[in-house]
Amino acid sequence: MSSRIIAVEPFDLVVFGGAGDLAYRKLLPALYHRHRDGQLPTEARVIGVSRRAMSDADYRAATKAALDEHVAEDERDPAVIDTFLKRLHFVPVDAQAEAGWDDLATLLKSGADRIRAFYLAVAPELFGVISGKLGAHKLVTPKTRVIIEKPIGHDLASAKAVNDAVGAVFDERQIYRIDHYLGKETVQNLMALRFANALFEPLWNAAHIDHVQITVAESIGVEGRGGYYDTSGALRDMVQNHLMQLLCLVAMEAPSHMDADSVRDEKIKVLRGLKPIGEAEAPAVIVRGQYRAGAGGLAAYTQEVDNPQSTTETFIALKAEIENWRWAGVPFYLRTGKRLPVRASEIVVNFRKIPHSIFEVGAGAIEENRLVLRIQPDEGVKLWLMIKDPGPGGMRLRYVPLDMSFADAFGARAPDAYERLILDVIRGNQTLFMRRDEVEAAWAWIDPIADAWERSRDTPKAYPAGTWGPSAAVALIERDGRHWQDEMG
Ligand code: BG6
């Protein structure tokens, strides 16, 4: 089964940082896939921009090499690649000076009526500068959109400054703040599961749910991004955005419609309902870790970033609570880290115990129901149930999953998040993008946590690379009589 492909309107997508890592690794491969599926109209152009002196031909050659590296072999069709490359152009522009802007304006003039999207795949310090230049050069038409990505600030004050600078040129309706987790299939499936089925919603509250676990585990280390990561750490790099967005989708009320503002209005209520964690609470509900050297020659974080004194966390586990009627008293345990044993992201919704067992002790233990949403890899949904062990013997109970793997069920290639998100920008659909107030509300919750650490003398707890983080993270949840569900191996 494959989904319907509906072509989008003609557009010009201008990628600042067009010769950078994100463009080559993610954006151009994503566009190639949409081209291959016939979703891009003939006129659509992709215009790479950077300070580099590159011709169209150079850019096409570099993109071809990038597709060879980042698109699976059986999805690379030489004839299709050729037609895709013809869409590409390159304009050298100095984002911080005057060189090149007139050339860009000239090229864009030939598509003046089209949808125009500026993707700022550059350092966040340049978001405001480039927006200003786009305004000054009159490149912002009514059909123009701008796409920016995290980190949007380092704290609430700096996030506001970025939002102000971009907002001085673009209207909020034109600003698309990407959190690529929202483009992942299973993350969107969470909304389908919750709001297209009558089954779960009546149970989706503190009366029936004991707790929720959200884990985003990565096996990689900092992979050459040490310069950025060492000033960020897991709290800012992953929790402030990806994990909090997942939490919002699990916890939000049903929006009245699936339009952008209805969904975002509900998400922000969750963010504002989060119980603050400050200096007094942090030690009991947060564990920070940093990987040291591990088995198989895995280097320590401090070696990877070449900063022996670094106290940046590469792991964090925390217990969050939402202060509202639906969720009062239900902990949300969040956990993310680098150099964990596997790459696996899951949301586990743990239901409450049955109130009374009618079975004899010999029938076996009765486990609580669990709904597991596997975000990656092996996207799917599992619902853990108690059943009778088949056979003529006495009543024996067994805990088994109703297991749906999306790959098995649909046989489809899981599209990359960027394929969905870039085309949503062209379609003008902001549902999966963060509104200004969401980003700022998330920082407003994160700032006191980060401040508490800065004031405390605590250093992150060491864990060997390739393990599930410091033992204190296990203690964090076990103190509450619960345990992490690590069926991810
Ligand atoms: C990015 C973080 O936003 O997400 C990275 O900056 C992290 O540190 C990445 O590795 C994880 O994304 P994914 O899609 O590989 O789970």
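Trainee: Which residues in H14 are buried?

Mentor: Keep in mind that this is a predicted model, in which local features need pLDDT of at least 70 and side-chain atom pairs count only at pLDDT 80 or more, while totals for chains, interfaces and linings use all residues. Residues are numbered from 1 along each chain as its sequence is written, and side-chain values use heavy atoms, with hydrogens and water left out. Buried means under 20% relative accessible area, exposed over 50%, and partly exposed in between, with a 1.4 Å probe and protein chains only. Helices (H or I, at least four residues) and strands (E, at least two) are DSSP runs, numbered from the N terminus. In H14 the buried residues are Ala-417, Tyr-418, Glu-419, Leu-421, Ile-422, Leu-423, Asp-424, Val-425 and Ile-426. Nine of the 11 residues of helix H14 (residues 417-427) are therefore buried, so the helix is largely enclosed by the rest of the structure.

Trainee: What do the buried residues of H14 pack against?

Mentor: Contact means heavy atoms within 4.5 Å. The buried residues of H14 pack against several elements, among them strand E1 (11-16), helix H1 (21-36) and strand E4 (115-120). After H14 comes Gly-428, whose phi is positive, near 75°.

Trainee: How is the packing of helix H7 and helix H9 described?

Mentor: Two packed helices are described by the angle between their axes and the distance between the axes. The axes are lines fitted to C-alpha atoms, for helices over the stretch in contact, and the angles run from 0 to 180 degrees between N-to-C directions. Helix H7 (residues 185-195) and helix H9 (residues 233-251) pack at an angle of about 10°, with their axes 9 Å apart. That makes H7 roughly parallel to H9, given that angles under 35 degrees count as roughly parallel, over 145 as roughly antiparallel, 65 to 115 as roughly perpendicular and the rest as oblique. On the H7 side the contact is made by Val-187, Leu-190, Met-191 and Arg-194, and on the H9 side by Leu-246, Leu-249, Val-250 and Ala-251.

Trainee: How many aromatic pairs does the structure hold?

Mentor: A pair of aromatic rings is described by the distance of the centres and the angle of the planes. Rings of Phe, Tyr and Trp (its six-membered ring) pair if their centres lie within 6.5 Å, and planes under 30 degrees apart count as stacked, over 60 as edge-to-face and the rest as tilted. The structure holds 15 aromatic pairs. In one of them, the rings of Tyr-59 and Phe-90 have their centres 4.9 Å apart and their planes at 55°, so this pair is tilted. Tyr-59 lies in helix H2 (residues 56-70) and Phe-90 in strand E3 (residues 88-92), so the pair ties together parts that are 31 residues apart in sequence. Both Tyr-59 and Phe-90 are buried.

Trainee: Where do Tyr-291 and Tyr-463 lie?

Mentor: The rings of Tyr-291 and Tyr-463 have their centres 6.2 Å apart and their planes at 70°, so the pair is edge-to-face. This pair links distant parts of the chain, with Tyr-291 in strand E8 (residues 286-292) and Tyr-463 in strand E16 (residues 461-464), 172 residues apart. Tyr-291 is buried, with a relative accessible area of 1%, and Tyr-463 is buried, with a relative accessible area of 0%. One aromatic cluster is formed by Tyr-229, Tyr-291, Tyr-301, Phe-315 and Tyr-463.
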